[in-house]
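Open the structure in your viewer and follow the stops below. Each stop says what to select and what is there.

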Amino acid sequence: MSEDPSFETRAIREGIHRTGEKEHSEALFPTSSFVFDTAEEAAARFAGESPGNIYSRFTNPTVRAFEERLASLEGGERGVAFASGMGAITATLLGLLNAGEHVVASNSLFGSTTGLLNNIFSRFGVATTFVDPADGQAWSDAATDATKLFFLETPSNPGMAVANIADLAERAHRAGAWLVVDNCFCTPALQRPLELGADLVVHSATKYLDGQGRCVGGAVVGPEALAGEKIFPILRSAGITMSPFNAWVFLKGLETLSLRMERHCDNAEEVAAYLAERLGAERVRYPGLSNHPGHALAKRQQSRFGGLLAFELPAGREDAFRFVNALKIPSITANLGDTKTTVTHPASTTHSRVSEAERQAGGVTEGLVRISVGLESAEDLKADLEQALVTAGLV
Ligand SMILES: *Cc1c(COP(=O)(O)O)cnc(C)c1O
């Protein structure tokens, strides 16, 4: 490779360690353990004195290849893969926090992340204050002496609020806290939080990194001092392990990431423009629309606006259900970041287990519909949305 290979080249070439068989595609190692030539070698390996594989709960070559490739794309020293995005987030909280410490988090997060902080970490003495991700001062005001972590997604799910990563990194550091960014929506193809000052990036690989809706997985990327020293020990002890097969699928997914993200963005821009024209721009939440409150910031912070959008139907849940049921192309599913366009009613699905007050704060209204715009023809998608709006009596 050249001295300084570009993102597209690293997405395809990074993390390859060819075996003696000279395979071209990355090797898959479905083995639970590894053998040592001698008892002395085994002892040295377990003592951490000699590098190499031990046991696939925490060392597997296929998983490592995925970790290396993703770390390179995010611009981080070290990647640690997990069984799921929630596994990666759980390990991050376990690795960074002690009982009695405090988290400031965005009030517009993936529902399970809010639930994890509210219902589980609260039982172990970690309290969380939720704030508007776009209101920097609110983050500083919520920080206390016990605050160790700022946690956010940008753009947020499903509110599509844009948070200023560089500003919040500064505010976190001033408060003596780390900033962790869930980069699931943008992927490193569109946004690299570590370059903007974030301390760690977490991922649900289940979404765009796979990109074809096949496997569940997650990852954390950051400097060795955090990802290696604080997060990896949680993987080793708690065993929230990514399977080698899933890692192999994610490696293949990363190869086409930038190509796919370009088309997801093209299609989402077209669908957003169509919905804005049909329903009024004020009803559509997409950072690519000039009326979006985070438009200018997203333009600076991201290379493009992403494949997700949400919009509000006037009369709430009944309208939303009628519309969703009338769609012919999009799949009704909670997944996102798939080649297939997916449609979700967040209030009754992904965000049904967070409280009404939290839903309101995060902008998850009863009439809100989220679309993850896939790679089908934009013309076909717009035609399908049009017939569904008409069938549901909404235009
Ligand atoms: C899906 C998702 C997660 C959780 O990931 P899983 O792989 O489903 O555990 C976390 N954050 C965001 C933004 C997500 O969309």
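Which residues around the ligand come nearest? Select Met-86, Asp-182, Ser-204, Thr-206 and Lys-207: these come nearest among the 14 residues around the ligand, where a residue is near if one of its heavy atoms lies within 4 Å.

This is a predicted model, in which local features need pLDDT of at least 70 and side-chain atom pairs count only at pLDDT 80 or more, while totals for chains, interfaces and linings use all residues. Residues are numbered from 1 along each chain as its sequence is written, and side-chain values use heavy atoms, with hydrogens and water left out.

Next, show the distances to the ligand. A nitrogen atom of the ligand is 2.6 Å from an N or O atom in the side chain of Asp-182. A polar side-chain atom of Ser-204 lies 2.8 Å from a ligand oxygen, and a polar backbone atom of Met-86 is 2.8 Å from an oxygen atom of the ligand. The protein buries 91% of the 380 Å² that the ligand exposes when taken alone (Shrake-Rupley method, 1.4 Å probe).

Now select residues 85–96, helix α4, which gives three residues to the shell around the ligand, the most of any contributor (helices are DSSP runs of H or I, at least four residues, numbered from the N terminus). From first C-alpha to last, α4 reaches 17 Å, close to the expected 16 Å (1.5 Å times one less than its number of residues).

Is α4 enclosed or open, and why? Nine of its twelve residues are buried, so α4 is largely enclosed by the rest of the structure (buried means under 20% relative accessible area, 1.4 Å probe, protein chains only). Among them are Gly-85, Ile-89 and Leu-96.

How values were computed:
Polar contact = N/O pair within 3.5 Å; in protein donor to acceptor, adjacent residues only side chain to side chain. Helix = DSSP H or I, 4+ residues; strand = E, 2+ residues; numbered from the N terminus. Buried < 20%, exposed > 50% of the residue type's maximum accessible area, 1.4 Å probe, protein only.
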